[in-house]
Amino acid sequence: MAYAEPAFSFKFGSFGTANNQLKNPSDVIVSSDGRTIYVVDTDNHRINVFDDDGDYDFQFGSFCNISAIQNCNDDADGADNDGDGQFNNPFSGVLDAFGHFFVVDSDNERVQRFDDGDGQFELKFGSSDNAKSEYLGSAQGIATQKSTKKIYVSSIDTDSISVFDSSGAFLINFKSFDGTDSLKNPSHMIIDDTEEILYVSDTGNDRIVAFKLVTGATCPSGTSKAVDGICYVKKFGSLGTTDGKFDSPSGLAMDSTNDLLYVADTGNNRIQIFKLIADTACPSGTSKIVDGVCFVEKFGSLGTTDGKFDSPSGLALDTAHNLLYVADTDNSRIQAFVLTSSSQISGSPTSLKTSPVSPTSVILTWNEPSLASGTPPITGYKIEYKTATTAYVVLTADTKSTATSFVHEGLDSSNTYTYQISAVNSKGTSIPSSSSSVKPAETTVPSGLIASAISPNQIRLSWQSPSNTFGQSIGGYTIQRVVGADVYVDIGSTNSKTTTFTVNNLETNKPYSFVVRANIGYGVTEPSNTATATPKTTSVDIPQTQSSSSTPVIQISSPPIKLTATSTSSTQINLSWSTPSSTGNTPITGYKIEMKKDSGSYSVLVANTNSTSTTYSHTNLSSNSKYTYKVYAINSAGISTASNEVTTIPTATLKINPLGKLTIDEGKLLSFTVKLTDNSLGGTVFSLEKNPPTGAAINQNNGMFSWTPTDAQGGKSYIFDIVANQGSLNDRQSITITVNDVLKNSEPVKEP
């Protein structure tokens, strides 16, 4: 049996710098619904975003070399400092479960976080200072843990993996495990959140290493402690070309449902697939690599045609559409492969109908799809719904029942609900059916009548009781066959508590239609909906239990809480708030911000941030004016009431932007302008203090620093302060400049 059947589906991208082109992409990431594809476009120093057809949507990022202060600016959405939202050879990325997109900005030795909806910069972490614990060097891979929100980042400079919390604060680092073993050039990583296992491509050792992530310092039996919270489980692979061997493995993708691990075997220009098992005996059709790891199959070889690769790297699994995406790096393209045959996935359900049952519930009925030869049987149905113009919400991913009816309870009679149904079998989920809409309401007749052929000459009927009988009791039900337009013939009856009836002695392959009426008082109600079925030679009685759900209805969220406003300069105020205590059973999609100046009236500052970020910077303000704010939450149901109000006055602060470390060759000019966080301040005087190097100078009026090191100053590092003064305000920042001795190549030493 084949556990995966990769077949080329489509491709997009070609070498170049245009919007729909790529230059050596190193990773690909897919949203959970499969509709958005993020490509780490490494040599174009950007993230390109495509839709699920491979059509270009938008991009964010541009080149910036932080250490050399080259081409850096603060033009990116959400940027506070020069370089925010810019990249220098980004290598990999990951989407977490909370609306954040992380990018490993490799040559800038950091990780940046963005809003996954529009690419707005949110924060950064990591350091280029190898004396600090959070030093990343040339970071490579990244993975996020859903249960703890921890972030794991690999580095080929340190041959280790660093762990950060959700805000980017450093927690721990590890490289050694299993006694004296250690990582070498670790690259891509992935976490199986169902088992809490971290898989690492130990690229320099041509193998995959697995670690169990635990809470505390105690490791489970059969594992060994690497550091607190991380336990070594197993490793597999070595240099080679046979099954289960690798040449510089990189990208990983995990199918937790089927326990399949996909590995980009980069140097061998192929993808390998492994089945992960709990015991030592591999399933039929696979071969054992080590205990718990079975080789399934491989595909790909060196080339440029469809299905061939040149140094494949990043992988992404789209479970919604059964696709595997491959970053075909040196071919500068993305290729998509179908993992299951479309003939084995069921067709869509048909004849979806919706009817009210009461003011708080509705019933859905549909027909089972026809199955092609060899297609596995239907095992359940996926049901989605939406209100108004909102996106579909999954009501149940799998009913795990072959019943073709469903009651949705706990609804609001003021809303109209639209539904679509997909069939589920062992090979996956079908595309959705056509939609049907209904508004919950009182019913005065039997509703949701269903007719099912249960033998070659029998049909079973079932229905829902009226919700409003005007205070009278139901005496029973009359079942009628429809023989013409508004022409009915009585064929049977039931008591008041029985809402099913079996019609016997019918002709095979002949359609029959029925209605049901409720007996109330001395009369009967109007007829129910009409239900039709056809007994066939293949009709059998499959006992069905009608599915139902009382999933909470989507509603407007509660307001944001803990709104604060902080002055950062004479022209800027930063807002921060916490998410609502109740989201209204649907995700928050943005925030509305209102503002008033001094004693004026409120006006809309931002109608919709279209972001889950809970911060906002209000700029270009008037100094010494009073600003008051309130924030509203937005979800698919509408806009919440206002948060608490906050008031503050923008006041001047003098602060120099961080300067960091610089490098220059002797005999070459180094020049840059010292920038302040508050650009509105005038009359600032700049100076150099604490042993600046001979020849270094700074323009006291505009902060322009310049220095051309002499031959005698080469091979040394110079540490001194740049100082800014403006009236009673002052600030200083330390700067380190290393002068390369290009003639003698001597070791740098600090100038006394």
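In which loop is lysine 149 found? Lysine 149 lies in the loop between β10 (139–144) and β11 (151–155), where strands (E, at least two residues) and helices (H or I, at least four) are DSSP runs numbered from the N terminus. The structure is a predicted model, in which local features need pLDDT of at least 70 and side-chain atom pairs count only at pLDDT 80 or more, while totals for chains, interfaces and linings use all residues. Residues are numbered from 1 along each chain as its sequence is written, and side-chain values use heavy atoms, with hydrogens and water left out.

The protein chain contains 0 helices and 61 strands. Its C-alpha trace spans about 110 × 75 × 50 Å along the principal axes. Of the 752 residues, 49% count as buried; buried denotes under 20% relative accessible area, exposed over 50%, and partly exposed the range in between (1.4 Å probe, protein chains only). Among contacts (heavy atoms within 4.5 Å) with a separation of 6 or more, 55% join residues 24 or more positions apart. The chain is divided into domain 1 (8–69 + 82–338), domain 2 (350–438), domain 3 (447–533), domain 4 (561–648) and domain 5 (662–740), with bounds that come from an automatic or database domain assignment. The centres of domain 2 and domain 5, taken over C-alpha atoms, are separated by 67 Å.

The second largest pocket has a volume of about 1400 Å³. Grid points are joined across faces, edges and corners, and a volume is the space filled by probe spheres set on the points. The second largest pocket lies between domain 1 and domain 5, because both give residues to its lining. This lining comprises 38 residues, of which Ile66, Ser128, Leu659, Gly660 and Lys661 lie nearest the centre of the pocket. At least two lining residues are supplied by each of β9 (121–125), β54 (661–665), β55 (670–673) and β60 (729–740). By residue class, the lining holds 14 nonpolar, 14 polar and 10 charged residues; Ala, Val, Leu, Ile, Met, Phe, Trp, Tyr, Cys and Pro count as nonpolar, Asp, Glu, Lys and Arg as charged, and the others, Gly among them, as polar.

The largest nonpolar core has 23 residues, of which Phe672, Phe705, Phe720, Ile722, Ile735 and Ile737 touch the most other members. At least two residues of this core come from each of β54, β55, β56 (685–689), β58 (704–707), β59 (716–726) and β60, and β59 gives the most, with 4 residues. A nonpolar core is a set of buried Ala, Val, Leu, Ile, Met, Phe, Trp, Tyr and Cys residues joined through side-chain atoms within 4.5 Å. Residues up to four places away in sequence aside, isoleucine 735 touches Leu659, Gly660, Leu662, Phe672, Tyr718, Ile719, Phe720 and Ile722. Valine 742 is found in the loop between β60 and β61 (749–750). With a relative accessibility of 46%, valine 742 is partly exposed. Apart from residues up to four places away in sequence, valine 742 touches Asp665 and Glu666. Valine 742 and threonine 402 are 340 residues apart in sequence and 77 Å apart in space, C-alpha to C-alpha.

Two buried strand residues were also examined. Proline 90 is found in strand β6 (residues 90–95) and counts as buried at 0% relative accessibility. Its contacts, not counting residues up to four places away in sequence, include Val40, His45, Arg46 and Val103. Arginine 207, in strand β18 (residues 207–213), counts as buried at 8% relative accessibility. Arginine 207 and proline 249 are 42 residues apart in sequence but 6.9 Å apart in space, C-alpha to C-alpha. Leaving aside neighbours within four places in sequence, arginine 207 is in contact with residues including Asp181, Asp202, Phe236 and Pro249.

Backbone angles were considered last. Most residues other than glycine have a negative phi. Lysine 149 has a positive phi, near 65 degrees, and is partly exposed, with a relative accessible area of 42%. Phenylalanine 470 also has a positive phi, near 55 degrees. Phenylalanine 470 is found in the loop between β38 (458–464) and β39 (474–484) and is exposed, with a relative accessible area of 62%.

Technical notes:
1 Å grid on protein atoms, 1.4 Å probe; cavity = no way out; pocket = protein on both sides within 12 Å on 5 of 7 lines; lining within 4 Å.
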